[in-house]
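Trainee: I have a new model open and would like to go through it with you. Can we take it piece by piece?

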Amino acid sequence: AVKRTPLIAGNWKMNFDHLQAIAFVQKLAWSLKDAQHNYGEVEVAVFPPFTDLRSVQTLLAADKLAVALGAQDVSPHAAGAYTGDISAAMLSKLDVRYIIVGHSERRGGHGESDETVGLKARAAVTAGMVPVICVGETAEDLEAHGAAAIPVQQLQAALSQLPAEAEFVVAYEPVWAIGSGDPATPAQAEEVGKALRDVLRAERGDAVADATRILYGGSVASQNVASYLKQPNLDGALVGGASLKVDEFSRIAQFT
Ligand code: PEP
């Protein structure tokens, strides 16, 4: 079997100012420090709002903490007259490693098209970072097309913008499961995870398909995370609400 390092990613969304962010990451790192000896290799990442990144970066560097830094969005443009946007180069300077692109709250709430999402993923890759490409069907999509069709189409669209050597992560997040307390069953999530990996295999070949991590997101909590991680095609979790409680997020990161 192919071994992929699991990724547990906490998307804070629009929560925590920079002081709260520092306190949170300190507690998280403290709680993971002991635990990290006990379970297999796992990568833990937090995705604070832009305004917190510099503070969290400084803390992670000063204390050499084993938490990776992520951003929640990025501009598809390199620089210029884009009021309110943040470029990939700016994020790269802050030691950001991962960038969420295409979260359903951006696709839905900000009208981001598949093309925009692909261009954002490309901007992240061009600046040396790893996009976390979010895909997922709404309840209406599920009804009309089944679970996998829309996520597959969204992934194909994003891949069409990415260079062949790009490293990326895929996050399958059924929109109906986000923040609803009603997660997909592990079998449902695995079915889509398998379909997404088949896309990777068809479009990028075996090496990329075997190395790329596919996360599940949507009402993940400490009680259910292990059931997703057991699935052959799921390699981690993208966590929203439960990533704001330090004890809970720490338990999620210790899923084994
Ligand atoms: C998310 O928004 O990425 C998410 C998975 O949220 P929650 O865990 O709260 O469902």
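**Strands, core and ligand**

Mentor: Start with strand S6, where both faces are covered: Val-169 and Ala-171 are buried on one side, Val-170 and Tyr-172 on the other. Keep in mind that this is a predicted model.

Trainee: Which strands does S6 pair with, S5 for one?

Mentor: S5 and S6 run parallel and are joined by four bridges. Val-132 has Val-169 as its bridge partner in S6. S6 also pairs with strand S7 (residues 214–217), in the parallel sense, over three bridges. There, Val-170 stands opposite Ile-214.

Trainee: What does the whole sheet look like, from S1 to S8?

Mentor: The eight strands form a closed barrel in the order S1-S2-S3-S4-S5-S6-S7-S8, and the pairing is parallel. On average, neighbouring strands in this sheet are turned by 25° against each other, ignoring direction. Helix H7 (residues 149–159) packs on the sheet and touches strand S5 (130–135) and strand S6 (169–172).

Trainee: What angle does H7 make with S5?

Mentor: The direction of H7 makes about 150° with that of S5.

Trainee: Back to the strands. How many bridges join S2 to S3?

Mentor: Two, between strand S2 (residues 43–47) and strand S3 (residues 68–71), which run parallel. In S3, Ala-68 is the bridge partner of Ala-45. S3 and S4 also pair in the parallel sense, over two bridges, and Gly-70 has Tyr-98 as its bridge partner in S4.

Trainee: And the side chains of S4, are they buried or exposed?

Mentor: Both faces of S4 are covered, with Tyr-98 and Ile-100 buried on one side and Ile-99 and Val-101 buried on the other.

Trainee: What does Ile-99 contact, leaving out its neighbours within four places in sequence?

Mentor: Gly-70, Ala-71, Val-74, Leu-91, Ala-124, Met-129, Pro-131 and Val-132. In the largest nonpolar core, which has 74 residues, Ile-99 is among those that touch the most other members, along with Ala-9, Val-132, Ile-133 and Ala-237.

Trainee: New topic, the ligand. Which residues are closest to it?

Mentor: The closest are Ile-178, Gly-179, Gly-217, Gly-240 and Gly-241, out of 13 residues that surround the ligand.

Trainee: How does that shell divide into nonpolar, polar and charged?

Mentor: Five are nonpolar, seven are polar and one is charged.

Trainee: Now backbone angles. Which residue has a positive phi of about 55° without being a glycine?

Mentor: Lys-13. Lys-13 sits in the loop between strand S1 (7–11) and helix H1 (18–35). A second case is Asp-95, with phi near 60° and again not a glycine. Asp-95 is in the loop between helix H3 (88–93) and strand S4 (98–101).

Trainee: Why flag those at all?

Mentor: Because most residues other than glycine have a negative phi.

Trainee: Why does Lys-13 count as partly exposed?

Mentor: Lys-13 has 18 C-beta neighbours inside 10 Å, so it counts as partly exposed; buried would need 20 or more. Asp-95 counts as partly exposed because it has 16 such neighbours inside 10 Å.

Trainee: Last one, Asp-210. Where is it?

Mentor: Asp-210 is in helix H9 (residues 206–211). Asp-210 counts as partly exposed because it has 14 C-beta neighbours inside 10 Å.

Trainee: What separates the C-alpha atoms of Asp-210 and Val-2?

Mentor: They are separated by 6.4 Å, while the two residues are 208 residues apart along the chain.

Note on methods. Residues are numbered from 1 along each chain as its sequence is written. This is a predicted model: local features need pLDDT of at least 70, side-chain atom pairs count only at pLDDT 80 or more; totals for chains, interfaces and linings use all residues. A residue is buried if 20 or more other C-beta atoms lie within 10 Å of its own, exposed if 12 or fewer, and partly exposed in between; C-beta atoms are placed from the backbone. Two strands pair if DSSP finds at least two bridges between them. Axes are lines fitted to C-alpha atoms, for helices over the stretch in contact, and angles run from 0 to 180 degrees between N-to-C directions. Two residues are in contact if their C-beta atoms, placed from the backbone, lie within 7 Å. A residue is near a molecule or strand if its C-beta atom, placed from the backbone, lies within 6 Å of it. Ala, Val, Leu, Ile, Met, Phe, Trp, Tyr, Cys and Pro count as nonpolar, Asp, Glu, Lys and Arg as charged, and the others, Gly among them, as polar. A nonpolar core is a set of buried Ala, Val, Leu, Ile, Met, Phe, Trp, Tyr and Cys residues joined through C-beta atoms within 7 Å.
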